[in-house]
Amino acid sequence: MILIHEGGNRGHTDMGWLKSDHTFSFGGFQDPTRMGYAALRVINEDRIAPGSGFSQHAHKDMDILTLVLSGALTHEDTLGNVATIAPGEVQLMSAGSGIRHSEMNASQSNAAHFLQIWLIPDRLGGAPTYQQAPLPARDRATDWTLLASGTDENAPLALLSDSHVSITYPREGIATSVPQTRGRVSFVQIVEGVAMVEGERLGSGDGLQIGDEDMPDLTWLTDGQAILFDMRR
């Protein structure tokens, strides 16, 4: 069964400086039927007011991907990394046995809009690490393009789970197929644009949870952006 996670039914947090939509249970939003999928534990779409952000706090035993959609974030951590993440870049922090970091809006005048994604590693502990890489050019990634992997050495970012994360920027009229492999499952997050699948209209914030069933193509009614998670069952 293909399960559609409707963007409009996501959990929501509004703290004034932070507005966040949660595909899966997170913080004050707890739904026992939405606790993640395979290694994928969190997809949060966050908007942070100018001059605000997440002050230093701790993480452990989680791979955390950050993809900025507009604005910019300033990252600092206890490994000594200080970096700015802007649109066109993706960050991966593997928390390992423990790390503290902050993520602040880099601007005093513009909001920051980004996705934060958590994946559960196959092994707990280990030394924390920080990675950052450019996203592919839109005109060169109209089909799935690998961003992060725990097994493919050619991936720009190295995960700590048997998972692959890919991105695509399809053009209007393109049909995007979702690769399927026995013993693995997939999740597709629509970041922008409008697509159709099995007569259902999908838009920004919607997600597709895919198991063993045959997955029809996504037919794009507009230009778009989507992220694919391919994970061991």
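Predicted model: local features only at pLDDT ≥ 70, side-chain atom pairs only at ≥ 80, totals over all residues.
Begin by selecting Phe 26, which is partly exposed, with a relative accessible area of 26%.

**Aromatic pairs**

Now show the rings of the aromatic side chains. How many aromatic pairs does the structure hold? There are three aromatic pairs. One of them is formed by Phe 24 and Phe 187, a tilted arrangement with 5.5 Å from centre to centre and 55° between the planes. Colour both residues by accessibility: Phe 24 counts as buried because its relative accessibility is 1%, and Phe 187 counts as buried because its value is 0%.

**Ser 25**

Select Ser 25, in the loop between strand E3 (18–22) and strand E4 (40–48). Its relative accessible area is 0%, so Ser 25 is buried. Which residues does Ser 25 touch, not counting those up to four places away in sequence? The residues are Gln 30, Asp 31, Arg 34, Met 35 and Arg 41. Draw a distance from the side chain of Ser 25 to the backbone of Asp 31: a polar atom of that side chain lies 2.7 Å from the backbone nitrogen of Asp 31. A further distance can be drawn to Ile 43, 18 residues away along the chain, where the separation of the C-alpha atoms is 9.2 Å.

**Glu 103**

Move to Glu 103, in strand E10 (residues 99–105). Glu 103 is buried yet has no salt bridge. Arg 100, the nearest side chain of opposite charge, is 13 Å away.

**Salt bridges**

Now show the charged side chains. The structure holds 10 salt bridges. Among them is the bridge between Asp 21 and Arg 10, whose closest N and O atoms are 3.8 Å apart. Asp 21 is in strand E3 and Arg 10 is in the loop between strand E1 (3–5) and strand E2 (11–14), so this pair ties together parts 11 residues apart in sequence. Asp 21 is buried, at 16%, and Arg 10 is buried, at 15%.

Select Lys 19 and Asp 14, which form a salt bridge with 3.6 Å between the closest N and O atoms. Lys 19 is partly exposed, with a relative accessible area of 37%, and Asp 14 is partly exposed, at 47%.

Proceed to Asp 212 and Arg 233, a salt bridge with its closest N and O atoms 2.7 Å apart. Because Asp 212 lies in the loop between strand E20 (207–210) and strand E21 (218–220), and Arg 233 in the segment after strand E22 (225–232), the pair ties together parts that are 21 residues apart in sequence. Both Asp 212 and Arg 233 are exposed.

To leave this topic, select Asp 122, Asp 162, Arg 184, Asp 230 and Arg 232 together: a network of salt bridges links these residues.

**The open sheet**

Switch to a cartoon view. Seven strands form an open sheet with mixed pairing, in the order E1-E20-E17-E22-E15-E13-E14. Which strands are at the edges? E1 and strand E14 (157–158) are the edge strands, each pairing on one side only. Follow E17 and E20, which pair in the antiparallel sense over four bridges. To end the tour, select Val 188 together with Leu 208, its bridge partner in E20.

Note on methods. Residues numbered from 1 in each chain as written. Heavy atoms only, no water. Helix = DSSP H or I, 4+ residues; strand = E, 2+ residues; numbered from the N terminus. Buried < 20%, exposed > 50% of the residue type's maximum accessible area, 1.4 Å probe, protein only. Contact = heavy atoms within 4.5 Å. Polar contact = N/O pair within 3.5 Å; in protein donor to acceptor, adjacent residues only side chain to side chain. Lys, Arg positive; Asp, Glu negative; His and termini not counted. Salt bridge = Lys/Arg side-chain N within 4 Å of Asp/Glu carboxyl O. Phe/Tyr/Trp six-rings, centres within 6.5 Å; stacked < 30°, edge-to-face > 60°. Pairing = 2+ DSSP bridges.
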